[in-house]
Number of protein chains: 2
Amino acid sequence: MPPAEPITSTANPRLKALVRLRDRRDRDRSGLFLIEGYRELRRAVEAAVPLTEVWCCPALYLGQNEAALVEAARDRGAEVVEVAETPFRKASYRDRPEGLLAVARQFPTGLDRLDPGPAPLLLVVEGIEKPGNLGTMMRTAAAAGAAALIVCDPTTDPFNPNVVRASLGTLFSLPLAVADTPAAIAWLHALGIRTAATTPAATRSHWEADLTGGVAVVVGSEQYGLSAAWLQGATEQVLIPMPGTVDSLNAAMAAGIVLFEAVRQRSQA
Amino acid sequence: MPPAEPITSTANPRLKALVRLRDRRDRDRSGLFLIEGYRELRRAVEAAVPLTEVWCCPALYLGQNEAALVEAARDRGAEVVEVAETPFRKASYRDRPEGLLAVARQFPTGLDRLDPGPAPLLLVVEGIEKPGNLGTMMRTAAAAGAAALIVCDPTTDPFNPNVVRASLGTLFSLPLAVADTPAAIAWLHALGIRTAATTPAATRSHWEADLTGGVAVVVGSEQYGLSAAWLQGATEQVLIPMPGTVDSLNAAMAAGIVLFEAVRQRSQA
């Protein structure tokens, strides 16, 4: 089959279908999602995420071996669609597009697919609203060596393009499950994984808690914190002491601070 | 003087002047900046930030005692301008405006204005590009009880509206200085404040460093890390060990992780 002509019109119906994948409804309906950027696409190819299309605009490449990456995606079955700069910029959700935008199939996120291994460190988050926060939590958990991220009762779809972006593609390498809170509590309990629920109502600091062995750090939503189900269901509650005048941290920041305290404890255990 | 008529037109020239303050050039020229939102404006009033105008749109109030806050701003000399919903939404830089948008005078940010007191914890950042990161760093440093934030060689203006926003108004309570790197190093050295420069090239972990006493945590830009001047000029270099497969953290996250390790050490010192 000869390569198709490059897409040059912003009115192209395939381009419009691509843009619609920014909407959750369209992602839910199609089971597809968007991956934009060199680093993100590279991580997706490395993780063998099933790609259906790769849209490329060589005029926008930053010179990081994009052509080879596009070929690697093609080898894995992705259709390669070349696009002129103006329509590519329309499809891109970035200020500075890098000329690569892929469509991938959403992968399963059942708890039953997780295999956290012995004595794992996990991150559990509940009700996170901001895609940037959820993506940053993935990136941070991956850096901390967490065995998995469990997303409870999500208000943000983990396949939101801004999650993919803020995660820097760790969405594809960090094992991920989406579950309701009772199911997550039951699953962790069955595996003997302790849970440390972060809440300002706790009296014990996060560094006084034992974060070695099999343990999950549990962080609630930006606005409401953790649900009663988590506060009652966790092995213990911990707080991040804040000596300053401000009594709140960004939810992703709170997760990172407790995860890296766990890294410290585990390095010395 | 009777109250002026509410502004109802999006073509109003004062409204256009307000919107122009989103641009750095206009802020630099006028010495003014924007403060949007209830919590942010409340912190500005509490900190006696000089306000010139408060634009209010009662139809958008969330019911957090906004009218009293507007009166407090008026008592401090701010002109109160009432705006209809459509023009207010045009002036707002938020998705969900809260009906409050103020113009304030930029305050001085010379190093000579800082008085960090004995044995302070400080945060020093260099070359930060993203306003959201700089604002998150302010919020996190304020929560950690830092005595001040020193912003070296900024590429982001600390009076950028998205810094104000991400800082949740801690821009007004956390003492702030803007300086070039050599001046910041000399100032810290003269005060006997040790400096811990975070870099992946370090061999010592951040938890092995002594973060008690007078110490500044130094964090570099998202893309390039710290300059040679900082790497050579710091008392010591520290790295955040990352057991995971991803070898990078968001710059604000890195700052928070090291600052809260300092909080831990200082609580036990």
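What covers the buried residues of α6(B)? In this predicted model, the cover includes α10 (251–268) of chain A, together with β5 (121–126), β6 (148–152), α7 (161–166) and α10 (251–268) of chain B. Helix α6(B) spans residues 131–143 and reaches 18 Å from its first C-alpha to its last, close to the 18 Å expected at 1.5 Å a residue. Because 12 of its 13 residues are buried, α6(B) is largely enclosed by the rest of the structure; among the buried residues are Pro131(B), Asn133(B), Arg139(B) and Ala143(B). After the helix comes Gly145(B), which has a positive phi, near 80 degrees.

The relation between the two chains can be taken up next. Chain A is superposed on chain B, with an RMSD of 0.0 Å, by a rotation of 180 degrees with 0.0 Å of shift along its axis, and the two copies are thus related as by a two-fold rotation axis. In chain A, the C-alpha nearest that axis belongs to Ile257(A), at 2.5 Å from it. Since 100% of the interface residues of chain A are also interface residues in chain B, the copies meet through the same surface.

Within chain B, a pair of helices deserves a separate look. The axes of α3(B) (residues 38–46) and α4(B) (residues 66–75) come within 10 Å and cross at roughly 35 degrees, and the crossing is left-handed. Tyr38(B), Leu41(B), Arg42(B) and Val45(B) of α3(B) make the contact with Glu66(B), Leu69(B), Ala72(B) and Ala73(B) of α4(B), which by class gives six nonpolar, no polar and two charged residues.

Conventions
Residues are numbered from 1 along each chain as its sequence is written. Chains are lettered from A and ligands numbered from 1 in the order in which they are written. This is a predicted model: local features need pLDDT of at least 70, side-chain atom pairs count only at pLDDT 80 or more; totals for chains, interfaces and linings use all residues. Copies are superposed by least squares on the C-alpha atoms of residues with pLDDT of at least 70 in both. Two residues are in contact if their C-beta atoms, placed from the backbone, lie within 7 Å. Axes are lines fitted to C-alpha atoms, for helices over the stretch in contact, and angles run from 0 to 180 degrees between N-to-C directions. Helices (H or I, at least four residues) and strands (E, at least two) are DSSP runs, numbered from the N terminus. A crossing is left-handed if the near helix is turned anticlockwise from the far one by less than a right angle, and right-handed if clockwise. Ala, Val, Leu, Ile, Met, Phe, Trp, Tyr, Cys and Pro count as nonpolar, Asp, Glu, Lys and Arg as charged, and the others, Gly among them, as polar. The expected span of a helix is 1.5 Å times one less than its number of residues. A residue is buried if 20 or more other C-beta atoms lie within 10 Å of its own, exposed if 12 or fewer, and partly exposed in between; C-beta atoms are placed from the backbone.
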